[in-house]
Amino acid sequence: MTLTDLKKCLAATADGAFAIDSKKKIILWNAAARRIFGRTSKDVIGRCCHEVVAGLDVFCNPFCGRNCSITSMIRREELPEQFTIKSKSRTGREIWLSVSIVVPPIR
């Protein structure tokens, strides 16, 4: 799958979705993510995902951060199961997100 293919896939889903690079910087941001977060791709492309999502676990403890457990799992070739985090929109409105991780083969 090429980056162009991935962009087409993200554009074809009603779910909020984004892609990150190996440095955890957002490289793709779909229209549904824009609607959910109230942030345009111009606002988020090139920023670290933990800065944008700033997710909290169900107990309101920080979930997203520089030392992301999710990216560590993926590096070990472990795929995390679906999980829920709390975030905020650009306007500060709290949003609960059901998160699924997909690791496409990019060439």
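Contact here means heavy atoms within 4.5 Å. Keep that in mind as you explore this predicted model.

**Whole chain.** Start with a cartoon view. The protein chain has five helices and four strands, arranged along the sequence as α-β-β-α-α-α-α-β-β. Its C-alpha atoms fill a box of roughly 35 × 30 × 20 Å along the principal axes. The radius of gyration is 13 Å, which agrees with the value near 13 Å for a compact globule of 107 residues. Buried residues account for 32% of the 107.

**Main core.** Next, select Ile 26, Trp 29, Phe 37, Ile 85 and Leu 97, and show their side chains. These touch the most other members of the largest nonpolar core, which has 15 residues. Now colour strand 2 (26-29), helix 2 (31-37), helix 4 (49-53), strand 3 (83-88) and strand 4 (94-99): each gives this core at least two residues.

**Leu 97.** Which residues is Leu 97 in contact with, leaving aside neighbours within four places in sequence? Select Ile 36, Phe 37, Val 53, Phe 83, Thr 84, Ile 85 and Ser 87 to see them.

**Second core.** Move on to Leu 6, Leu 10, Ala 17 and Ala 19, which are among the five residues of a second, separate core.

**Pocket.** Finally, switch to a surface view. The largest pocket has a volume of about 1,300 Å³. Of its 41 lining residues, Phe 18, Ala 19, Ser 100, Ile 101 and Val 102 lie nearest the centre. Colour the lining by class and you will find 29 nonpolar, eight polar and four charged residues.

Key: Residues are numbered from 1 along each chain as its sequence is written. This is a predicted model: local features need pLDDT of at least 70, side-chain atom pairs count only at pLDDT 80 or more; totals for chains, interfaces and linings use all residues. Side-chain values use heavy atoms; hydrogens and water are left out. A nonpolar core is a set of buried Ala, Val, Leu, Ile, Met, Phe, Trp, Tyr and Cys residues joined through side-chain atoms within 4.5 Å. Buried means under 20% relative accessible area, exposed over 50%, partly exposed in between (1.4 Å probe, protein chains only). On a 1 Å grid over the protein atoms alone, a cavity is a set of points where a 1.4 Å probe fits but cannot get out, and a pocket is an open set with protein on both sides within 12 Å along at least five of seven lines; lining residues have an atom within 4 Å of a point. Grid points are joined across faces, edges and corners, and a volume is the space filled by probe spheres set on the points. Ala, Val, Leu, Ile, Met, Phe, Trp, Tyr, Cys and Pro count as nonpolar, Asp, Glu, Lys and Arg as charged, and the others, Gly among them, as polar. The radius of gyration is taken over C-alpha atoms; the globule rule is 2.2 Å times the number of residues to the power 0.38.
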